[in-house]
Amino acid sequence: MTRISGKYLAKRIVVSYLTLLVIMSLLFVLLRSMPGSFITSMISSGMTAEQIARIRETWGLNEPLWRQYLNFMINYQTGNFGRSPTYNTQVWDLMIRRMPRTLVLFGSTFIIGFIVGPLVGMYLGWWRGSRKDKSIFSTSLLLYSMPSFWISWLFIWVFNYELDLLPSAYMFTQFPEFQWTAFTVMRDVLYHIALPIMSLTFIGWVGSMLIMRPTMNQVTDEGYVFLARAKGLSERTVMVKHAARNALIPVATGAVVSLAFLIDGSVIVENVFNWPGMGQIIVSSVLNRDFPVAQATFFMLAVLVVVMRLLTDVIYTYLDPRIKFGEGE
Amino acid sequence: MATQQGDSGTDGGSVRRRWEPRIERLKRGWDRYTEHRIGVVGLVILVVFTLWSIIPGVFAPHSTEWIAYIGEPPIESRLTAEQVRSLPHPPAFGDPFFAPLGTNANGNGILSLLIYSAKNAMYIGLAAGLLSSLVGVPLGLISGFYGDTWIDEAIQRFVDIMYGLPFLPFLIVLVAIRGITTTNIIIGIAVTSWLNNCITVRGETLSLKERSYVESAKVAGASDTRIIFRHIMPNVLPISFVFLAQDAAGAVIAQASLAYLGLADFTANSWGIMLENIKSQGYIFDAWWWLLPPGLALMLMAASFYFIGFSMEDVTNPQR
């Protein structure tokens, strides 16, 4: 069970935590160096200097920058994300409300992409150079080159505007004629999430395919593949059971890279489809200089990426018994 | 790793003797490259876009200031109410005016805008791709060469940190800090996209530095800098070229996404801005001649970079 040493794991966790701290500091500096501040919108021309000072006081802007920084770092350790000036709620509540919605969109895309991508990559890599490989590969590269907002528009155009099959925005029907029960809510959400997921996966699966294809091609020359063939196993069994399993290892590491790609995609797609998730507020909070919300969304996404990296490292050792961590590279 | 070692001109022979094998190799590489149809297609697309960006006037039927019904500036008359209502106008060939891809809501010809915008995408793609390679490749080389030392550790932790910042939102912050100009968008993309180059080059370098020729160079007394740049770098250049192409494609798409979010230099012509205009003016579903061409152009530009990159990878892949 324990192929991974406890010491190594502990070290990795500490490093991940430190990475997060540095990311937060970097965020603080970057967001504060943007021109403008979130209280600009609260100040109207008729206010006296005293009123403005009081607003600055309320939001803690009168304190020196290093104190603001310390407050920020300490508050985040205790899960205190502060209040949002534009949404006028606790940031934590906002996160709790929005995070699941993004995770639903994100998770389903991730799973579909990581089933379709490696499968296609497996076939293409196995028959690399064949006619089928060439045509499917070039088509998928074309898909990969599409701007995600544009393909979303095309989907909306076809499935919403022309065929009127699927809704093009929001998460729920705005003025429903049906009763809200668990079943209808589920159905309604599924109905609304269909187009965003289609748009995201349409492009997103290619990433893992691109990793799978060359590694699959490499393992075709390995000794154990010859051995499996020599044993008289069918081509299919050799491909799926012997070759593909080994080729999956780099795909697992590549998952983090695709995760970053997916985050970008979902930021855009959430904006196109008015999906009320994190991607929507991360853009608007940056543009509105809503620092508490921007910090929190960046922080949550950073946690997601850092935790995923840690997880893939652990999964890695189970996929490939040759790798032993904690003994250098 | 693909190119053979031993031709680095250490003997200092005549120029001819030094260059002949390289030209020979280039020829062989070109022959292998042209075996890949997608590589050739990518190259053709890229050549067309390059021509568009260098001499747009030859291809475009009008200038970007041309307005339907009225014509080229200087503009003397104004559009009638009925003419304004007919905009955006579907493709027209001579009657009432010549605009093969129709016009946008302001009456500018879509085809002309499309052709004049190629320069912007080309510039951003190549500049951002080159910049991120210039950052990523040297860092990857250094990190790999000094693998398992504090230098490697420091660079890798820095990469980890950068990975934790989501690309597009981070790009928005960077662009917001420095102001929305094309140059700043390029810098922003470069700052955020060198990570993959760095990691891949590091991996290659880690395996390359164990090769015997590096050992012998070390024994011969070559300095670290010389080994890195003279002996290892030529072997990672093919793979970094692949990443340059991918970064260029990513940059083109990223710029369009920024434009979609309203972060673009709206004084310039770009495909992303054309798409942002159709959204903000509300014609997405009414003007296919305006919606499709910029998206297709973006797709083809990015795809041509990918096509070239992956064909290059095949050419340089020794296992074949």
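**Figure 1. Residues 118-309 of chain B in the predicted model.** This span is 82% helix and 0% strand. Its end C-alpha atoms lie 20 Å apart. UniProt, in an unreviewed entry, places the feature "domain: ABC transmembrane type-1" at these residues of chain B.

Figure 2. An unreviewed UniProt entry gives the annotation "domain: ABC transmembrane type-1" to residues 99-312 of chain A. Over these residues chain A is 81% helix and 0% strand. The end C-alpha atoms of the span are 22 Å apart.

**Figure 3. Stretches of chain B annotated as "transmembrane region".** The annotation comes from an unreviewed UniProt entry and covers residues 38-59, 97-116, 123-147, 236-261 and 287-310 of chain B. Two of these stretches are described here. Residues 97-116 of chain B are 35% helix and 10% strand, and the C-alpha atoms at the ends of this stretch are 20 Å apart. Residues 287-310 of chain B are 96% helix and 0% strand, with end C-alpha atoms 35 Å apart.

**Figure 4. The contact between chain B and chain A.** Chain B contributes 38 residues and chain A contributes 41 residues. On the side of chain B that touches chain A, the elements giving two or more residues are α2 (37-54), α6 (150-163), α7 (167-178), α9 (195-208), α11 (224-260) and α13 (288-316) of chain B. Of these, α13(B) gives the most, with 8 residues. By class, this side of chain B has 28 nonpolar, 6 polar and 4 charged residues.

**Figure 5. Packing of α2(B) against α13(B).** Two packed helices are described by the angle between their axes and the distance between the axes. For α2(B) and α13(B), the angle is about 135 degrees and the axes are 8 Å apart. The two helices α2(B) and α13(B) are therefore oblique to each other. Their crossing is left-handed.

**Figure 6. Residues where α2(B) meets α13(B).** From α2(B), the contact involves Ile38(B), Gly39(B), Val41(B), Gly42(B), Leu43(B), Ile45(B), Leu46(B) and Phe49(B). From α13(B), the residues are Leu300(B), Met301(B), Ser304(B), Phe307(B), Ile308(B) and Ser311(B). The residues of this contact divide into 10 nonpolar, 4 polar and no charged. Both α2(B) and α13(B) are also among the elements on the side of chain B that touches chain A.

Definitions and conventions:
Residues numbered from 1 in each chain as written. Chains lettered and ligands numbered in written order. Predicted model: local features only at pLDDT ≥ 70, side-chain atom pairs only at ≥ 80, totals over all residues. UniProt positions renumbered as here; feature names shortened; annotations may be inferred. Helix = DSSP H or I, 4+ residues; strand = E, 2+ residues; numbered from the N terminus. Contact = placed C-beta atoms within 7 Å. Nonpolar A, V, L, I, M, F, W, Y, C, P; charged D, E, K, R; others polar. Axes fitted to C-alpha atoms, helices over the stretch in contact; angles between N-to-C directions. Parallel < 35°, antiparallel > 145°, perpendicular 65-115°, else oblique. Left-handed = near helix turned anticlockwise from the far one by under 90°.
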